Amino acid sequence: MAQTALQGNPVTLSGELPAVGSVAPDFQLVDKDLADRSLADFAGKKKLLNIVPSLDTPVCATSTKKFNAAMAAKSDAVALVVSADLPFAMGRFCGTEGVDNVIGLSMMRSRHFAKDYGVLIEDGPLAGITARAVVVLDADNTVVYTQLVPEITEEPDYEAALAAL
């Protein structure tokens, strides 16, 4: 099982990120309208999955805003921000911050996404939500890039993720 850290303390995760070259696991997540969404809803587009613990933290907010700005020029791709936040809170954040180039998706109905993508935190104060990670998929849902951020309080490698997109 993979490990990350929270303020220097080791955190155990449920598994490993999907391997580069593998087909990404499908998912059922909830959008701002409380509709279930899956990979099929984004068929034919490249996908950047910005996986965050909660948009109610400075680093998660920053990464979402940075990916939002970058996605304005990417018509063949979609950025999905996945967190344990309720869709209402995600919608409020996006509205307040002017975030309109990413789609917020919530794990409110199930933790299967976090388990299938190997990012479910299993111990410590954040147990039950996700570690910080980025997964990039091509238009056929093949994994082309992954990053498990080694310290949850640090930002992901934006340049590498966007280059893979």
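I take the expected span of a helix as 1.5 Å times one less than its number of residues. Helices (H or I, at least four residues) and strands (E, at least two) are DSSP runs, numbered from the N terminus.

Ground rules first. I'm looking at a predicted model, where local features need pLDDT of at least 70, side-chain atom pairs count only at pLDDT 80 or more, and totals for chains, interfaces and linings use all residues. Residues are numbered from 1 along each chain as its sequence is written, and side-chain values use heavy atoms, with hydrogens and water left out.

**Helix 1.** I checked residues 58-71: these 14 residues should span 20 Å at 1.5 Å a residue, and the end C-alpha atoms are 20 Å apart, so the two agree. Next I looked up which of its residues are buried (under 20% relative accessible area, 1.4 Å probe, protein chains only). I got Val 59, Cys 60, Ala 61, Ser 63, Thr 64, Phe 67, Asn 68 and Met 71. They pack (contact: heavy atoms within 4.5 Å) against several elements, including strand 5 (46-51), strand 6 (77-83), helix 2 (87-97) and helix 4 (158-164).

**Whole chain.** I find 4 helices and 9 strands, in the order β-β-β-β-β-α-β-α-β-α-β-β-α from the N terminus on. The C-alpha atoms fill a box of roughly 40 × 35 × 30 Å along the principal axes. Among contacts with a separation of 6 or more, 65% come from residues 24 or more positions apart.

Methods:
Buried < 20%, exposed > 50% of the residue type's maximum accessible area, 1.4 Å probe, protein only.
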